[in-house]
Amino acid sequence: MARRRPMLSGVPETLLWTLYNRAYEAGQRYPVLDDPMALRLMKDLDYPFEERFGQPNAFHSQAQGLRSRCFDVAVQEYLADRPQATVVALGDGLETGFWRVDNGWLNWLSVELPEVAELRQALLPASGRLRTLACSATDLSWLDEIEDPEARGVVVTAQGLLMYLPPAEVRRILAACAERLPGGVLVLDTMARWLARGTVVGRSKVGGMTIPPMRWAMNPGERHKLRSAHPAITEVRALRLPRGRGAMGELIRLQSLLPGLRTLTPALTQLRFGYGSPH
């Protein structure tokens with residue numbers, strides 16, 4: 001198969017940076033994320049990763065691996081109780097979570113912009129329990145694609161996505177999920193306000209890529225405010241990164257816990273939706 005040259009810019013291009021980090025981590029002797037498909041994707045893509053993003057960074061790569069692993073764990077915990085649930089991955093990029101958590105029964109729906117959906121379908125193997133829907137996460141018609149959500153269960157993931165949306169759109173997505181997915185959960189990550197401000201004024205770069213503006217930001221101590229998006233949000237829970245590898249892994253763990261440093265990496269949160277508005 002000929003190598004594919006991705007033509008992405010803006011927010012979609014960030015998926016290549018996260019893939020670059022995940023693949024670097026997956027190539028370590030004792031990776032924090034078992035992701036052989038990320039290594040394969042790197043070989044299948046004709047893209048100047050090092051020229052565009054610089055040398056792999058040990059901190060960012062392991063932190064990215066741990067973030068993806070944290071999402072995987074949250075999905076697996078839900079599947080332990082509801083093994084035939086649907087996983088809806090908003091802004092999935094070239095994430096390979098389906099193959100990392102597949103229990104043989106789940107159904108997976110990736111919701112991606114058309115140019116990214118085409119890339120996923122061209123590069124990733126097809127499966128009868130994996131679909132890719134070409135539409136924006138803000139086009140809530142993807143909710144209509146979930147089969148029997150209350151009976152089967154639903155996990156919605158939004159990894160590296162919501163921070164790029166306007167606050168009103170974020171609230172609209174959370175409210176729609178709470179309204180229509182009783183018994184489901186949503187796992188998301190958020191960036192601190194000071195980091196987001198740097199992207200809005202164009203000061204934040206990764207190698208030669210300027211990070212797109214992050215329009216929605218939230219400090220870790222503010223996550224309780226997410227409950228106000230809809231009365232059916234019954235739980236807002238902080239998720240902790242899994243333990244990492246070596247001294248760098250310990251550094252990542254400590255900075256994610258200490259108030260003065262924990263805003264250096266994304267904060268991860270799980271929302272749970274009840275079966276009716278509380279009285």
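C135 counts as buried, at 9% relative accessibility (buried being under 20% relative accessible area, exposed over 50% and partly exposed in between, with a 1.4 Å probe and protein chains only). C177 is buried as well, with a relative accessible area of 0%. This is a predicted model, so local features need pLDDT of at least 70 and side-chain atom pairs count only at pLDDT 80 or more, while totals for chains, interfaces and linings use all residues. Residues are numbered from 1 along each chain as its sequence is written, and side-chain values use heavy atoms, with hydrogens and water left out.

Back to the cysteines: the sulfur of C135 has its closest cysteine sulfur in C177, 12 Å away, which is too far for a bond. The structure holds zero disulfides, a disulfide being a pair of cysteine sulfur atoms within 2.5 Å.

As for the overall fold, the chain has 10 helices and nine strands, taken as DSSP runs numbered from the N terminus (H or I with at least four residues for helices, E with at least two for strands). The radius of gyration is 18 Å, close to the 19 Å that the globule rule gives for 279 residues, so the chain is as compact as a globular protein of that length. That radius is taken over C-alpha atoms, and the rule is 2.2 Å times the number of residues to the power 0.38. Along its principal axes, the C-alpha trace spans about 55 × 45 × 35 Å.

Buried residues make up 52% of the 279 in the chain. Of the contacts (heavy atoms within 4.5 Å) between residues at least 6 apart in sequence, 75% join residues at least 24 apart.
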